[in-house]
Amino acid sequence: MAMTTPPSVFRSPQRSGPSGPLSGVNVLDLSAYIAGPYGCTLLADQGADVIKVEAPGGDNLRQYPSTLAGENRAFLGVNRSKQGVVLDLKRTEDMAVLLGLVAEADVLVHNFRPGVPERLGIDYDRLSELNPRLIYCAVTGYGEQGPLRTKAGYDQVLQAMTGMCALQGKRDGPPELTYGSPVDYYAAALVAAGVASALFERERSAQGQYVGVSLLRSALTMQSARMIEAEGEGRDVPRDMRSGGITGLYPTADGYIYLSANTRHFWEALCERTGLGAFGADPRYDSVRKRAEHAGEIVPRLREILLSRPAVEWERLLEDAVPCSIVRPVEDMFDHPQVAAEEMITTISHPTLGSYRGVTRPIRFGRTVGPEPFAAPTLDQDTEALKFRKKR
């Protein structure tokens with residue numbers, strides 16, 4: 001009788017649906033908060049089988065305030081499509097379980113500070129000896145070298161450090177944070193991209209490697225258009241790439257609308273549809289730079305006109321000719337017709353909530369669509385089942 005290969009312990013019983021480009025890739029997620037975990041979720045969306053390993057107290061994101069009874073909204077959104085196990089890496093038997101998983105893994109992701117993996121015995125040098133094909137991705141706050149390497153890094157700390165808060169604020173006003181953790185989410189995209197590239201290279205070399213992602217590099221990469229300093233240039237040169245005084249948010253009769261009129265075509269259409277026709281043909285305003293210079297003449301008149309109608313009327317009037325949107329709450333996105341057409345929202349079963357709706361499959365593949373998402377794990381959900389499957 002032919003021998004059959006036992007199923008991988010990484011593959012969740014909840015996994016169903018078509019294969020994705022990363023189906024068959026086994027990922028160990030030892031990270032917490034957003035950057036590392038969501039990077040692993042992006043891999044899971046593409047078919048990878050992900051086991052999330054938490055300390056006995058769980059991912060700290062579980063403890064953040066949430067309006068969901070008995071669950072955390074952010075944790076659910078960041079950790080879909082993973083199995084969840086609890087291991088105390090200070091206990092010999094739990095470390096043995098982890099090392100057994102490492103031997104079968106293709107990828108390991110963590111966000112420990114530099115020095116901590118060495119103390120725990122899970123640094124790259126040790127684990128690559130155990131599994132030379134391992135892609136080992138470390139997410140740090142400030143990188144692998146330098147005076148801040150061991151400092152804890154968080155999204156908003158890096159926003160403050162790297163100029164994002166200063167540039168987000170209004171001129172002559174206080175600095176402002178950008179909420180929604182943009183540095184973390186961009187770092188998550190870098191995690192998924194870096195891991196995928198390393199997996200591709202492994203097909204050629206048959207060797208794993210270290211992959212480093214930092215919040216500092218993420219925050220500065222997001223500002224590549226600002227991070228240009230010409231020879232001899234002073235510090236007081238404006239570096240923000242805002243297009244001038246026309247494009248932006250405007251109050252209407254009952255809410256706000258954002259509109260963009262940077263090209264000649266959009267500027268002329270805006271003038272025509274708002275009754276500023278003469279402005280559209282005026283050579284004083286025929287470029288983005290000129291309009292920025294004359295914003296004091298244009299903006300007050302445009303604001304006066306936009307206040308005459310509700311935002312939804314302006315959106316209907318402008319949207320085919322001028323890029324724009326009324327300012328909506330995020331709740332509207334669950335049932336927005338464009339989001340529905342893109343199949344971005346799905347309903348996911350959950351053991352305590354019954355079900356919830358959430359985001360799925362942010363990347364579209366024409367042939368390897370990827371499996372259906374399933375719920376983020378409850379704490380310790382799969383520990384015993386995984387240990388049982390390993391014994392078989």
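**Close-up views of a predicted model**

**View 1. The salt bridge between D49 and R15.** D49 has a relative accessible area of 5%, which makes this residue buried. The model shown here and in the views below is predicted. R15, with a relative accessible area of 8%, is likewise buried, being under the 20% limit. The two side chains meet in a salt bridge, with N to O at 3.7 Å. D49 belongs to strand β2 (residues 49-54), whereas R15 sits in the segment before β1 (26-29), so the pair links parts of the chain that are 34 residues apart in sequence.

**View 2. The salt bridge between E54 and R62.** The side chains of E54 and R62 meet at 2.7 Å, N to O. E54 is buried, at 3% relative accessibility. R62 is also buried, with a relative accessible area of 16%.

View 3. R217 is partly exposed, at 35% relative accessibility. The structure holds 19 salt bridges.

**View 4. D123, a buried residue that has no salt bridge.** D123 is placed in the loop between α4 (116-120) and α5 (124-130). Side chains of opposite charge can pair when their charged atoms come close. For D123, the nearest side chain of opposite charge is that of R126, 6.3 Å away. A salt bridge requires nitrogen and oxygen within 4 Å. Leaving aside residues up to four places away in sequence, D123 touches P117, E118 and Y136.

**View 5. Helix α13 and its buried side.** The buried residues of α13 are A295, I298, V299, L302, I305 and L306. They cover an arc of only 130° around the axis, so they lie on the same side of α13. An α-helix has 3.6 residues a turn, so residues three or four places apart point the same way. The exposed residues G296 and E304 are carried by the face of α13 turned away from the buried side. The partners against which the buried residues of α13 pack are β7 (248-252), β8 (255-259), α10 (264-274), α11 (277-281), α12 (288-293) and α14 (311-318). The length of the helix agrees with expectation: 12 residues (295-306) at 1.5 Å a residue should span 16 Å, and the end C-alpha atoms are 16 Å apart.

**View 6. Helix α14 and what covers it.** A311, W314, E315 and L318 are buried in α14. Seen down the axis, these residues fall within an arc of 105°, so they line one face of α14. The cover over them includes β7, β8, α10, α13 and β9 (324-326).

**View 7. The two domains.** Domain 1 takes in residues 26-224 together with 376-390, and domain 2 covers residues 248-332. Taken over C-alpha atoms, the centres of domain 1 and domain 2 are separated by 42 Å.

Note on methods
Residues are numbered from 1 along each chain as its sequence is written. This is a predicted model: local features need pLDDT of at least 70, side-chain atom pairs count only at pLDDT 80 or more; totals for chains, interfaces and linings use all residues. Side-chain values use heavy atoms; hydrogens and water are left out. Domain bounds come from an automatic or database domain assignment. Helices (H or I, at least four residues) and strands (E, at least two) are DSSP runs, numbered from the N terminus. The expected span of a helix is 1.5 Å times one less than its number of residues. Buried means under 20% relative accessible area, exposed over 50%, partly exposed in between (1.4 Å probe, protein chains only). The arc is that of the directions from the helix axis to the C-beta atoms. Contact means heavy atoms within 4.5 Å. Lys and Arg count as positive and Asp and Glu as negative; His and the chain ends are not counted.
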